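Please review the following briefing on charged residues and their surroundings. The structure is shown first, and the points are then grouped by topic.

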Amino acid sequence: MATLPDPGSAGTDRPSVKGLRDLWRVRSLRRLVLVRLLSSFGDGAFQGALAVIILFSPERQTEPAAIAAGFAVLLLPYSLVGPFAGALLDRWSRRQVIVWATVLRAVLVLLAAAQVWGNWPSPVLFGTALLIMGVGRFVGSGLSASMPHTVARDSLVGANALATTVGAVATAIGGGYAIALRSALGGSVSDAAFITATVAVFYGLAALLATRYRRTALGPDETDEPAEPLRAVLLGFTSGLRHIVQRPTVGLAVVVVMIVRFGFGLCTMVVLLLFQHYFTESQGVLRTGPSGIAEVLGFGALGVFLGAVVTAPTVRKLGRTRWVAIMLSVCAIVAAAAGSQFTLISTLIAAFVVGFAYQSSKVCMDSVVQQDSDDAYVGRVFALYDTLNNVCYVGAFALGVVLVPYNGHGYAPVFLVGGLFLITGIGYGVMMSRLRRTPSSTAAAV
């Protein structure tokens, strides 16, 4: 199979290609996707190992408030790292940041494995887990910010579809790998420590693969960062936010994904409670309890996969704005109709639709952020973008404490998610239409 030139090489333009097969032939993009695959698989495996040791087992976390508190503790602290990670990604070699952050994660995972082996107190292990996921913000944001250095701007939708699909599927498989391995080996402390330690292998392979880029191949090409590193880090949040405000299309893209992510979080809480307290009898191959949750995750992952696969070719035919407006509107109606039935099959359908909507909208909005942000700011923008998404995800659980009943059977959260998706789809179409007609006045208003 012929391989397209590496855009990271000197004197080579970033290729403009269409279709997943041609995208895969771009050596620099293929390498970046493989780094994401290994890193995401490690993330899923570590989270799966952590879940069976200490975290979110449905048997242990049954109250809405307990679930919300758990997700808040897990996500909010490391979300604070995001803006600071962005400042460094726009100052230092992104290749170097990805490599050394991944190496650091591998070391921390081995430390976590030792803590499991030594039966250290749960808060200590939890603190190490937060460090691992916090450092992961450098890797995730760095990979997203590096994408425009692998292909031309008109190929970013397809490239993002490929990368995010591979990442999402790898995370799911990684989690399954950890849970299946624990079932095969047994539930002893030494088995849990071994499973945790194996995660370091995947992080190590990701770091090794990332070293094959030249130091400057992934940017930044230029920087407006202050000379003092500490000041650059402290200004990361405000400069990233200012750039988002100054670029209305970028700001709209971030808001769209934040709202969809909020809906995704609210649906997650509903599903956890439904399968813990409401669905009590299996129906054929459809199960309840943890097995049922695994089936829902599978349907959601399938929706994520198809959302990424379908989006790139559809955007080429309909245009990005029209597709986002139509897709979110249709998904809103289907998700509300299916979710309000509160049966096993309708819940699986709703999970599929919500997963499709989230991934498809994110693929489109990621490409907007990459295309319309200056390279000197894109690291900070993506880091802030990622942080805001996590805050919205946790915010959905916080609202769910009030809105979602103990057994998950409530119409209010279902119709709220449907309404938010519908309003977001229509609103994005209207706002983008106005921006195209009067870009200067709309930008000033934003």
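D366 and K362 are joined by a salt bridge, with the closest N and O atoms 3.0 Å apart; the term denotes a side-chain nitrogen of Lys or Arg within 4 Å of a carboxyl oxygen of Asp or Glu. By this rule the count comes to four salt bridges. This is a predicted model, in which local features need pLDDT of at least 70 and side-chain atom pairs pLDDT 80 or more, while totals for chains, interfaces and linings use all residues. Residues are numbered from 1 along each chain as its sequence is written, and side-chain values use heavy atoms, leaving out hydrogens and water.

**The pair within α14**
- Because D366 and K362 lie four residues apart in helix α14, about one helical turn separates them.
- D366 counts as buried at 2% relative accessibility (buried means under 20% relative accessible area, exposed over 50%, partly exposed in between; 1.4 Å probe, protein chains only).
- K362 also counts as buried, at 18% relative accessibility.

- D43 forms a salt bridge with R105, the closest N and O atoms being 2.5 Å apart.
- This pair connects helix α2 (residues 27-53) with helix α5 (residues 94-117), its members being 62 residues apart; helices are DSSP runs (H or I, at least four residues), numbered from the N terminus.
- D43 is buried at 17% relative accessible area, and R105 is buried at 3%.
- D374 and R247 meet in a salt bridge at 2.9 Å, N to O.
- D374 lies in the loop between α14 and α15, and R247 in the loop between α10 and α11, 127 residues apart.
- D374 is partly exposed at 32%, as is R247 at 25%.

Note on methods: Helix = DSSP H or I, 4+ residues; strand = E, 2+ residues; numbered from the N terminus.
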